[in-house]
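Subject: Structure handover

Hello,

Here is the structure for you to open. My notes on it follow below.

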Amino acid sequence: SDWSSDVCSSDLMFQRSTLDVNSWNMAGNLEYTEPLGEFGQLLLNYRASYQQEASDKLTYDFFEPAQGYTQLNEPLSNAFSNDYVTQQTGAGYNFSKGRDLNFNARLNAQWAELNNDKTFPQPARIDQTFFNLLPSAMLRYNLDKQRSVRLFYRSSTQLPSVDQLQDVVNNANPLQLRVGNPNLKQTFQQNLFLRYQAS
């Protein structure tokens with residue numbers, strides 16, 4: 001009879017990686033309210049923010065003559081940063097009648113700019129701009145002394161994280177290689193929350 005055997009081979013990686021991630025942000029907000037009638041208010045607002053993130057990944061291969069991890073692996077190394085500037089302005093209306101009824105609605109226009117800058121191994125820059133309308137609303141209504149209803153609606157945007165944007169291969173798990181995409185867009189989220197309370 002014929003016997004066949006499977007030869008099993010394994011590839012070992014002798015590498016060492018360092019990852020240095022830094023981020024900071026600042027923001028400012030201005031709001032103005034003006035009474036409208038006995039129960040209403042006009043709301044005007046402006047918000048500006050700046051966020052900066054940097055991620056430097058260096059991968060070194062084992063270098064036999066030096067008996068150490070001294071040989072830089074350029075395809076697995078990357079220096080990447082992004083700047084994210086947002087400006088948002090909007091208006092809203094607030095109606096409040098005692099403790100039984102409170103309602104407000106807002107609409108904000110948001111302009112954002114994302115600048116991705118790769119400096120190593122090959123310099124590259126990708127700039128993107130975004131424009132979004134962000135509505136929000138809130139209703140609180142007391143049906144009586146024991147029952148109340150609250151309704152919240154909110155929309156927002158979120159920037160991808162720096163590791164999602166950085167286009168360098170992560171081979172920490174060789175069976176599941178991962179690489180970022182500097183062309184990623186903002187995410188747009190909408191949340192709706194309803195609560196009925198009885199006591």
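Rings of Phe, Tyr and Trp count as a pair if their centres lie within 6.5 Å. The model is predicted, and a search of the whole structure finds four aromatic pairs. In one of them, the ring centres of F62 and Y69 are 5.3 Å apart. Their planes meet at 75 degrees, so this pair is edge-to-face. F62 is partly exposed at 28% relative accessible area. Y69 is partly exposed too, at 27%.

The charged end of K97 sits over the ring of F39, 5.4 Å from its centre.

Next, the salt bridges. The count comes to four. These are among them:

- R106 with E31: the closest N and O atoms are 3.9 Å apart. This pair links strand β5 to strand β1, across 75 residues. R106 is partly exposed at 23%, whereas E31 is exposed at 52%.
- D167 with K118: the closest N and O atoms are 3.4 Å apart. D167 lies in the loop between α1 and β8 and K118 in strand β5, so the pair ties together parts 49 residues apart in sequence. K118 is buried at 13% relative accessibility, while D167 is partly exposed at 28%.
- D144 with R147: the closest N and O atoms are 3.0 Å apart. D144 is partly exposed at 32%, and R147 at 34%.

Last, the surface. L107, W111, F131 and L133 make a nonpolar patch of about 420 Å². Strands β5 and β6 each supply at least two of the patch residues. F131 lies in β6 and is exposed, at 56% relative accessible area.

Best regards

Key
Residues are numbered from 1 along each chain as its sequence is written. This is a predicted model: local features need pLDDT of at least 70, side-chain atom pairs count only at pLDDT 80 or more; totals for chains, interfaces and linings use all residues. Side-chain values use heavy atoms; hydrogens and water are left out. Patches are made of residues with over 30% relative accessible area and no salt bridge: like charges are joined within 9 Å, nonpolar side chains (Val, Leu, Ile, Met, Phe, Trp, Tyr) within 5 Å. Accessible areas come from the Shrake-Rupley method with a 1.4 Å probe; for residues, only the protein chains shown count as cover. A salt bridge is a side-chain nitrogen of Lys or Arg within 4 Å of a carboxyl oxygen of Asp or Glu. Helices (H or I, at least four residues) and strands (E, at least two) are DSSP runs, numbered from the N terminus. Buried means under 20% relative accessible area, exposed over 50%, partly exposed in between (1.4 Å probe, protein chains only). Rings of Phe, Tyr and Trp (its six-membered ring) pair if their centres lie within 6.5 Å; planes under 30 degrees apart count as stacked, over 60 as edge-to-face and the rest as tilted. A charge sits over a ring if NZ of Lys or CZ of Arg is within 6 Å of the ring centre and within 35 degrees of the ring normal.
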